[in-house]
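Please read the following note alongside the sequence and the coordinates.

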Amino acid sequence: MADLKVTLAGIPLRNPFLLASGIWGESGSSLAGAYAAGAGGVITKSIGREPRPGYPNPTVVTFDQWGFLNAMGLPNPGIESYPEEVATARKSGALVIGSVFGPDAAEFADLAGRMADLGVAGLELNLSCPHAEGLGSEVGQDPADVEEITRAVVRAVKIPVIVKLTPNTSDPAGLAEAAERAGAAAVSAINTLRALAIDVRLRRPTLAHGLGGLSGSAIKPIGVACVWQIFERVKIPVIGVGGIMTAEDALEYIMAGARAVEVGTAVAFKGIRVFGDLVRDLGRLLDELGIASVNDAVGMAHRVPA
Ligand code: DHB
């Protein structure tokens, strides 16, 4: 059986499948459940300094079988209420990566330090939520902002810092270069794409917030292209995310250059057991293709002779 173990920015993972942020609740027990279901690691909901209720409903539009448009509004309990959840997830043996968001470098650094103190294995900076005023991609679209925020966080913590990048820009690889210059241990690409649905009967946007973020199968080729370009321009590892429903989708990202992948929308459509299926199916697929390990497959599509 092919070897699925990978090391991501110094973090050993039993397999490359990470639970994406914000998909399976924020509680320690749900994170523990995702790890028990087979995920190689789990990423928390993005946590901020103060509790946020999020936007009013409706917050999600479902596209049959392939994706979501969502604008939740970064609902989270705030960092002060979060130690217990991380403790619960860690006690179960889960490998936990803490996601944080904020409006500027100072708040990111403060939050990152507090999340690191909870004993997470790494941090993921949400510089890419596509619709939150003053947060997410609004502070993550400009390479100078990405560099400043990443540098502040890297100085504040001793654990690996992963920067989750937005595709809502002309040059995602330029953002990855900025993160690398600032000392990021890895980048993840991509977050959701800014999108809108209109309810023609109500004559208004379907989501209460109006603009939202698109996820699922439709965005996979965009994510694979971003990973492909980023892989060619930085040395730090890349985590692929966006529309991974099957092991073949994951292997596309891996061959484009991803060392690990995050799974989000597929969990909502298929249930948490999708992790066990992905692990089994990726092992079988690598065996079928005669590839000995995930490591061997990373970036493989770049090396095909013309
Ligand atoms: C939310 C949506 C995102 O796509 C994201 O990256 C972060 C937060 C949200 O609406 O809560």
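The points below concern a predicted model and go through selected helices and ring pairs in turn.

1. Helix 3 and helix 4. Helix 3 covers residues 105-116 and helix 4 covers residues 143-156; their axes come within 8 Å and cross at roughly 30°. With the limit for roughly parallel set at under 35 degrees, helix 3 and helix 4 therefore count as roughly parallel to each other. The crossing of helix 3 past helix 4 is right-handed.

2. Residues between helix 3 and helix 4. From helix 3, the contact takes in Ala105, Phe108, Ala109 and Ala112, and these meet Glu148, Ile149, Ala152, Val153 and Ala156 of helix 4. By class, eight of the residues in this contact are nonpolar, none is polar and one is charged.

3. Alanine 106. Helix 3 also contains alanine 106. Its relative accessibility is 60%, so alanine 106 counts as exposed. Along the chain, alanine 106 and glycine 67 are 39 residues apart, and their C-alpha atoms are separated by 35 Å.

4. Helix 4 and helix 5. What is the crossing angle of the axes of helix 4 and helix 5? The axes cross at roughly 30° and come within 8 Å. That makes helix 4 roughly parallel to helix 5, and the crossing of these two helices is right-handed. Helix 4 contributes Pro143, Val146, Glu147, Thr150 and Arg151 to the contact, while helix 5 contributes Gly174, Leu175, Ala178, Ala179 and Arg181. The contact of helix 4 with helix 5 divides into five nonpolar, two polar and three charged residues.

5. Burial of helix 5. Why is helix 5 described as largely enclosed by the rest of the structure? The helix spans residues 172-181, and seven of its ten residues are buried, so the description follows from that count. The buried residues are Pro172, Ala173, Gly174, Leu175, Ala176, Ala178 and Ala179. They pack against helix 4, strand 9 (161-164), strand 10 (186-189) and helix 6 (220-233). After helix 5 comes glycine 183, which has a positive phi, near 100°.

6. Aromatic pair of phenylalanine 63 and tryptophan 66. Searching the whole structure gives two aromatic pairs. In the pair of phenylalanine 63 and tryptophan 66, the ring centres are 4.8 Å apart and the planes are at 10°, so the rings are stacked. Phenylalanine 63 has a relative accessible area of 24% and is partly exposed. Tryptophan 66, with a relative accessible area of 30%, is also partly exposed.

7. Aromatic pair of phenylalanine 68 and phenylalanine 269. Are the rings of phenylalanine 68 and phenylalanine 269 stacked or edge-to-face? Their centres are 5.0 Å apart and their planes are at 20°, so this pair is stacked. Phenylalanine 68 belongs to strand 6 (residues 67-70) and phenylalanine 269 to helix 8 (residues 265-270), so the pair ties together parts that are 201 residues apart in sequence.

8. Accessibility within that pair. Phenylalanine 68 has a relative accessible area of 15% and is buried. Phenylalanine 269 is partly exposed, at 30% relative accessibility. The cut-off behind this division is that buried means under 20% relative accessible area.

Conventions. Residues numbered from 1 in each chain as written. Predicted model: local features only at pLDDT ≥ 70, side-chain atom pairs only at ≥ 80, totals over all residues. Heavy atoms only, no water. Axes fitted to C-alpha atoms, helices over the stretch in contact; angles between N-to-C directions. Helix = DSSP H or I, 4+ residues; strand = E, 2+ residues; numbered from the N terminus. Parallel < 35°, antiparallel > 145°, perpendicular 65-115°, else oblique. Left-handed = near helix turned anticlockwise from the far one by under 90°. Contact = heavy atoms within 4.5 Å. Nonpolar A, V, L, I, M, F, W, Y, C, P; charged D, E, K, R; others polar. Phe/Tyr/Trp six-rings, centres within 6.5 Å; stacked < 30°, edge-to-face > 60°. Buried < 20%, exposed > 50% of the residue type's maximum accessible area, 1.4 Å probe, protein only.
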